[in-house]
Every structure is written in structure tokens, then in C-alpha cells.
Amino acid sequence: MTDESKFHALLRDQVRSEFTASQQYLAIAVWLDDADLPQLAAHFYAQALEERNHAMMMIQFQMDNDLTATIPSVGEVQTAFSSVEELVQLALTQEKQVTEQITTLARTARDEGDYLGEQFLQWFLKEQVEEVASMTTLLTIVRRAGDDLFHIEDFVAREMVRGEAADPAAPPVAGGAL
């Protein structure tokens, strides 16, 4: 298989986007941790790992299909925030952008007749629906809570609990999921 299609170039770009998203979530988590909001911080630390794993799934796909896999530098990330609402809004905006990118990737794979690439992206499309819905809900809760950050912490602890079983339909992660 050659590494010259538009789909393959977009997939390489998406690896960079996923690593950048991971770093952005890490910056958000550190800000929240420093603000003594441990539930929100834990949620975003987990999100950072999830985005890293998404990048590594794409790298594994490249290696499995005899494509050139590279580890790119990441884009700039925002590290200073004025409020919890601002950082959750940033996270939601980021998830919507990733959804657009994944949709473009799937469309490109289909247009180029890359059925393996199109099939690979189906899980990511489903995942993005969940991610946008989750961040939208979190933003709603943050807005309702106003200045009472304990309500947000309670919601995250009660409703956004991690530790769900791994999705058996998820693509393999290069080096194993963290």
C-alpha cells in the first residue's frame, strides 16, 4: 500500500491533532489540580490519556497497513484560564473540531475507495458523538452551578465516573493502552 493518498496525509495530520488534544487536556487538568478541584482534574487527566490512546490507535493502523508512521510535534495549548466555564468551553470546542476532522477523514476514505480506512474510522465517529455529548453536559452543569464549584465536583464524581470496561470494538493501541 502506498502512503500517498489524501486520506493517509489527513490521518497523519490527525495523529498530531490527537496528541495536541491530549496535551490540551493535560494543561486543563493541571490548572484544575492547582485550583484544588480533584474530581474535574481526574476527569481531564483521564481525557488526556484517552486522546493519547486515540493517536496511538491511528499509529497502529498506519503500521498495520505498511504506512509511514511518525510522531509529530504538537500544536500550541492554552495553559491559563479565568474560569472553569472557560476551560470546559475550550474542551467542547476542541471535541467539535475533532468531530469535523474525523468526519472529513471518513468522507475522504470513502471518496478514495479506501474501505479499510473507512471501516477503521467508524469507531472514532461513534466515540466523537459520546465525547461531544459528555462535554456539552459538563458545560451545562458548570453554567448551572455558577460560582459553586462543589456542585460541579459532586456531579463529576457522581455522573462521570471512569473505570468503564474497555470497548471491545476499539482499534488496537500501539504499545498498549494506558
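Visitor: Which hand, left or right, does the crossing of α1 and α3 have?
Guide: This is a predicted model, in which local features need pLDDT of at least 70 and side-chain atom pairs count only at pLDDT 80 or more, while totals for chains, interfaces and linings use all residues. Residues are numbered from 1 along each chain as its sequence is written, and side-chain values use heavy atoms, with hydrogens and water left out. A crossing counts as left-handed if the near helix is turned anticlockwise from the far one by less than a right angle, and as right-handed if clockwise. By that criterion, the crossing of α1 and α3 is left-handed.

Visitor: How is α1 oriented relative to α3, roughly parallel or roughly antiparallel?
Guide: The two helices, α1 and α3, pack at an angle of about 165 degrees with their axes 10 Å apart (axes are lines fitted to C-alpha atoms over the stretch in contact, and angles run from 0 to 180 degrees between N-to-C directions). Angles under 35 degrees count as roughly parallel, over 145 as roughly antiparallel, 65 to 115 as roughly perpendicular and the rest as oblique, and the angle therefore makes α1, relative to α3, roughly antiparallel.

Visitor: How many nonpolar residues are in the contact of α3 with α4?
Guide: Helix α4 spans residues 115-145, and α3 packs against α4 at an angle of about 160 degrees with the axes 9 Å apart. The pair is therefore roughly antiparallel, and the crossing of α3 and α4 is left-handed. With Ala, Val, Leu, Ile, Met, Phe, Trp, Tyr, Cys and Pro counted as nonpolar, Asp, Glu, Lys and Arg as charged, and the others, Gly among them, as polar, the contact of α3 with α4 has 6 polar and 7 charged residues, and its nonpolar residues number 17.

Visitor: Which helix supplies the largest share of the lining of the second largest pocket?
Guide: The lining of this pocket includes R16, T20, L90 and Q97, and by class it has 3 nonpolar, 7 polar and 1 charged residues. At least two lining residues come from each of α1 (6-34) and α3 (84-111), where helices are DSSP runs (H or I, at least four residues) numbered from the N terminus. A pocket is an open set of points on a 1 Å grid over the protein atoms alone where a 1.4 Å probe fits, with protein on both sides within 12 Å along at least five of seven lines, and lining residues have an atom within 4 Å of a point. The largest share, 6 residues, comes from α3.
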